[in-house]
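This report describes the fold of a single chain, with attention to its packing, its strand pairing and the confidence of the model.

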Amino acid sequence: MHYTQSPTLKELRHHGTKTFPFAAYKTCFATQGTMVKHHWHDEIEMIYFFEGDFRLEINMEPFYIRSECLYFINPGELHSIVIENNNSSEEKAIVFSSDILSCECYDAVQVQLIQPIRHGKMLFPRCLLPEHPCFIPIRDSFIDIMRIYEQPVTKNDAFDHLTYQLYIKSNLLRILALLSDHKLFVHSEKNYDKRVEEIKKIITYITENYKEKIYIHDLASLVNMNEQYFCRFFKKAIGSSPMSYINDYRIKQAIHLLKETELTIMEISLECGFNNLGNFLKEFRKHTNTTPLKYRKNYI
């Protein structure tokens, strides 16, 4: 379940609404493999790892998680999550825009904390471990946010939209207060990592052009590399070859079309960049262990 930089195309999912840019996600897996593929977004993300063995990658740096902890993803950071064993694994995440914390009153909080966060001059800490004195209160605020988010809100509900938003916003501000109290915010040094920007440029090109034929030399030329070096660079950064990544992305788009449209299998194949139906069926089975028709039937 669940992620303007250059390049401009980021994660396509909208977190929350324009008036309340906040969303929460919960993911449970029992098998190893990629849980969240590489992506980035302009929002802040806070992840609570409850149980399981994970490898979290942020800007191509791996973090190995073996016990309960909290991690923060700052705006624009390229990240992914991999489960490293077949045991039960669970993580929860909240994603929110820094705009949700702003107010018209330019008090010290707005000037010294909110504005620097909005402009990328102040960063959240990378992680919090259970032994840190503010871990438990921040974790409790996080859990309270998840509880509130999961409550149904209707027009006739006493727990209305205004109350719902106030509870979430107050918990977010409490988290900020705790981080500030323990001096955990980090002043940004604006370190430019060329490798991260190159990977983001390649991923953007793939997501914009997956319906067309994509050649390795086109991807390599985007970052001024020869094809052989580019393939090694991409696999080291992402964990799969460029063509595997492209086919994986295309299959994910095909699954979306199977669920949300009545297009025929051939139409979906062409729409997702597979000009050969046999190749599409082969890749689909490889990723899902079933056929497109059976997948659609089971979903319905």
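The buried residues of helix H4 pack against strand E2, helix H5 (216–222), helix H6 (227–238) and helix H7 (242–260). Here helices (H or I, at least four residues) and strands (E, at least two) are DSSP runs, numbered from the N terminus; buried means under 20% relative accessible area, exposed over 50% and partly exposed in between, with a 1.4 Å probe and protein chains only; and contact means heavy atoms within 4.5 Å.

The model is predicted: local features need pLDDT of at least 70, side-chain atom pairs count only at pLDDT 80 or more, and totals for chains, interfaces and linings use all residues. Residues are numbered from 1 along each chain as its sequence is written, and side-chain values use heavy atoms, with hydrogens and water left out.

**Helix H4 and the cores**

H4 covers residues 194–209, 16 residues in all, and spans 23 Å from its first C-alpha to its last, close to the expected 22 Å (1.5 Å times one less than the number of residues). Among its buried residues are Val196, Ile199, Ile202, Ile203 and Ile206, together with Glu197, Glu198 and Lys200.

A nonpolar core is a set of buried Ala, Val, Leu, Ile, Met, Phe, Trp, Tyr and Cys residues joined through side-chain atoms within 4.5 Å. In the largest, which has 34 residues, the members touching the most others are Phe22, Ile94, Leu128, Ile138, Leu172 and Leu179. Strands E1 (22–29), E3 (44–51), E6 (69–73) and E8 (89–96) and helices H1 (108–118), H2 (135–150) and H3 (161–181) each supply at least two of its residues. H3 gives the most, with seven residues. Beyond four places in sequence, Leu179 touches Phe72, Phe124, Pro125, Leu128, Ile138, Leu184 and Phe185. A second, separate core of 21 residues includes Ile199 and Ile206, as well as Trp40 and Phe234.

**The open sheet**

Four strands form an open, antiparallel sheet in the order E2-E7-E4-E5; two strands pair if DSSP finds at least two bridges between them. Strands E2 (33–39) and E5 (61–65) each have a single partner strand, so one side of each lacks a neighbour in the sheet. Neighbouring strands are turned by 15 degrees against each other on average, direction ignored, where axes are lines fitted to C-alpha atoms, for helices over the stretch in contact, and angles run from 0 to 180 degrees between N-to-C directions.

Strand E4 (residues 54–58) is joined to E5 by five bridges. Across this pairing, Arg55 faces Tyr64 and Leu56 faces Phe63. The E4–E5 hairpin has two residues between its strands, and Asn59 adopts a positive phi near 50 degrees.

| Residue | Strand | Relative accessibility | Contacts |
|---|---|---|---|
| Phe63 | E5 | 15% | Phe54, Arg55, Leu56, Ile58, Tyr71, Arg126 |
| Ser89 | E8 | 1% | Thr27, Cys28, Phe29, Glu51, Gly52, Asp53, Phe54, Ile83 |

**Confidence**

The pLDDT, the predictor's confidence in each residue from 0 to 100, averages 88 over the chain, and 90% of the residues score at least 70. Among the elements, E2 has the lowest mean (86) and E6 the highest (98). Over residues 1–13 the pLDDT stays under 50, and the model has 44 contacts beyond four places in sequence for this stretch.
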